[in-house]
Amino acid sequence: MAINNNMIDVLQDQEWVSIPWKKLQVGDIVKVNQDGFFPADLLFLASTNVDGVCYIETANLDGETNLKIRKALEKTWDYLTPEQASEFKGEIQCEQPNNSLYTFTGNLIIENQTLPVSPNQLLLRGCSLRNTAYIVGVVIFTGHETK
């Protein structure tokens, strides 16, 4: 089975609906479960862990097997349930797609506030979620545009 046929939970009408990776679009809000792979480059919104933290393994991208910590912006920690996530209204302004795994520059404009976004809030396609029940993120790059 091709990887783009893997299923991912996407927010539709305040509930999680499974669709194949290949149908994902920029702006979709997705839920990734523990040990699942990120289907696209995501802006990390919320985590089941306290303090908006999640742990990722990047071995598929850089060969490193040690877990890395990512931390969502405090302003987005509440977007964890389908009801809460459907309230998310924001605009992401960021750099053009590129192949630099360790850099990212952008802003999240939410509730008339502009918040800087760094690689700490980026979950890259092909990495996997570890030691975290699930995360919620918004798709910022898909397909050939992913890092």
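**Exercise 1. Determine whether K147 is buried or exposed, and find its salt-bridge partner.**

Solution. K147 is buried, with a relative accessible area of 16%, where buried means under 20% relative accessible area, exposed over 50% and partly exposed in between, computed with a 1.4 Å probe on protein chains only. Its side chain meets that of E95 in a salt bridge, 3.1 Å from N to O, a term that stands for a side-chain nitrogen of Lys or Arg within 4 Å of a carboxyl oxygen of Asp or Glu. This pair links distant parts of the chain, since K147 is in the segment after β12 and E95 in the loop between β7 and β8, 52 residues apart.

This is a predicted model, in which local features need pLDDT of at least 70 and side-chain atom pairs count only at pLDDT 80 or more, while totals for chains, interfaces and linings use all residues. Residues are numbered from 1 along each chain as its sequence is written, and side-chain values use heavy atoms, with hydrogens and water left out.

**Exercise 2. Work out which parts of the chain the salt bridge between R130 and D35 ties together.**

Solution. Begin with the distance: the closest N and O atoms of R130 and D35 are 3.0 Å apart. R130 lies in strand β11 and D35 in the loop between β3 (29-33) and β4 (41-47), so the pair ties together parts that are 95 residues apart in sequence; strands here are DSSP runs of E with at least two residues, and helices are runs of H or I with at least four, numbered from the N terminus. D35 counts as partly exposed, at 43% relative accessibility. Finally, D35 and R130 belong with E57 to a network of salt bridges.

**Exercise 3. Find which residues have the most contacts inside the largest nonpolar core.**

Solution. This core, a set of buried Ala, Val, Leu, Ile, Met, Phe, Trp, Tyr and Cys residues joined through side-chain atoms within 4.5 Å, has 42 residues, and those with the most contacts inside it are F38, L42, I135 and V136. Strand β12 (residues 134-141) gives the most to the core, with 7 residues.
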